[in-house]
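Subject: Handover of a structure, with notes

Dear colleague,

I am passing on the structure below, together with an account of what was found in it. Please read the notes alongside the model.

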Amino acid sequence: MVVDFWADWCGPCQMLMPVLKKLVDEYDGKFVLAKVNTDEQRELAKTHGIRSLPTMHVYKNGERVEEVLAAQSEATIRILLDRYIERASDRIRSEAREAFAQGKHAEALALLENACQQEPDNHQLILDHAKLCMRKGLLDKAETLIAGLPRNVRDETEAMCLRNLLDFAQAVKDAPPIDALEITAASEPDNLEARYQLGAWYVLNDRFEDALETFMQILQRDRSFRDDAGRRGLLAIFELLNNQGDLVAAYRRRLFTLMH
């Protein structure tokens, strides 16, 4: 269920209404839209903590799973709905992930390739396809898939995180392995290229604290290296960590201190 909190005087609310109505028709009963006029239902709006308009609440199995502030584009709302609405392609996505985990990489990629051809506007399928391409080392293919997405979809968190991971994967495409780079970084402290590749490897192996420290060292040594790669690496990792947690908070403070 999607609950749209709105008011007559709210311009963005009026812009959002036809988008929601269109999606209700297109999704053909797969979600229910409830509209609440906050001028008429003040207590209900207060109970749900509505502070700005428009606001949308998404419910699944009786629990609120999303709160969306301000008017959103049709593509953004589709992505939101597709997180919670079962579609035929969801089964294919699940099968592809399972096949890839079992080492059946060609089968997994073929499943997603065919599904994308059947549903070219299903951005989640494309993101899944790009993600598995990247994990398989098909970096050019992954980059092409991401680049082909609409701009507003590329600006969504999932696509941005995938783009960041792809950048790190590109950085180590022809790089030595981690252990060799660790030796180089220790013996050649000013070899920032080796340090940059090491940080990228750490990210791809989920060693985020090591990666943050590595990019911080690059920033401390030379901010101009690779067009401020140290700072950009830190910010990319913050995004991958959803900008939350003690690790992000600690390195944000260090970054702020260093920059100011």
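The secondary structure of the protein comes to 14 helices and four strands, where helices (H or I, at least four residues) and strands (E, at least two) are DSSP runs numbered from the N terminus. Please bear in mind that this is a predicted model, in which local features need pLDDT of at least 70 and side-chain atom pairs count only at pLDDT 80 or more, while totals for chains, interfaces and linings use all residues. Residues are numbered from 1 along each chain as its sequence is written, and side-chain values use heavy atoms, with hydrogens and water left out.

As for overall dimensions, the C-alpha atoms fill a box of roughly 70 × 50 × 30 Å, taken along the principal axes. The accessible surface comes to about 14,300 Å², of which 49% belongs to carbon and sulfur atoms; such areas come from the Shrake-Rupley method with a 1.4 Å probe, and for residues only the protein chains shown count as cover. Of the 260 residues in the protein, 43% are buried, a term that stands for under 20% relative accessible area, as against exposed for over 50% and partly exposed in between (1.4 Å probe, protein chains only). Among the contacts with a separation of 6 or more, 57% are accounted for by residues 24 or more positions apart, contact being defined as heavy atoms within 4.5 Å.

Turning to the strands, β1 (residues 2–6) is largely enclosed by the rest of the structure, because five of its five residues are buried. Both faces of β1 are covered, with Val2, Asp4 and Trp6 buried on one side and Val3 and Phe5 buried on the other. Strand β1 pairs with strand β2 (residues 33–37) in the parallel sense over five bridges, two strands being taken to pair if DSSP finds at least two bridges between them, and within this pairing the partner of valine 2 is leucine 33 of β2. Strands β3 (residues 55–60) and β4 (residues 63–69), by contrast, pair in the antiparallel sense over six bridges, with threonine 55 bridged to leucine 69 in β4. The hairpin of β3 and β4 has two residues between the strands, and asparagine 61 takes a positive phi near 55° there.

Two buried helix residues come next. Serine 89 lies in helix α4 (residues 88–101) and has a relative accessible area of 1%, so this residue counts as buried. The side chain of serine 89 makes a polar contact with the side chain of asparagine 122 at 3.0 Å (a pair of N or O atoms within 3.5 Å; within protein, one must be able to donate a hydrogen and the other to accept it, and residues adjacent in sequence count only if both atoms are side-chain atoms). Not counting residues up to four places away in sequence, serine 89 touches Glu119, Asn122 and Leu125. Leucine 166, found in helix α9 (residues 157–171), is buried at 0% relative accessibility. Leaving aside neighbours within four places in sequence, leucine 166 is in contact with Met134, Leu139, Ala142, Glu143 and Ile146.

The largest nonpolar core has 32 residues, and those with the most contacts inside it are Phe168, Tyr196, Val203, Phe215, Leu234, Ile237 and Phe238. At least two residues of this core are supplied by each of α9, α10 (178–187), α11 (192–204), α12 (208–221), α13 (229–240) and α14 (246–259). Apart from it lies another core, of 28 residues, among them Ile79, Ala96, Leu112 and Leu139. A nonpolar core here is a set of buried Ala, Val, Leu, Ile, Met, Phe, Trp, Tyr and Cys residues joined through side-chain atoms within 4.5 Å.

Finally, the aromatic rings. Rings of Phe, Tyr and Trp (its six-membered ring) pair if their centres lie within 6.5 Å, and planes under 30 degrees apart count as stacked, over 60 as edge-to-face and the rest as tilted; by this rule the count comes to four aromatic pairs. The rings of phenylalanine 168 and phenylalanine 215 have their centres 5.8 Å apart and their planes at 45°, so the pair is tilted. This pair links distant parts of the chain, with phenylalanine 168 in helix α9 and phenylalanine 215 in helix α12, 47 residues apart. The rings of tyrosine 196 and phenylalanine 225 have their centres 6.2 Å apart and their planes at 70°, so that pair is edge-to-face. Phe168, Tyr196, Phe215 and Phe225 form one aromatic cluster.

With best wishes
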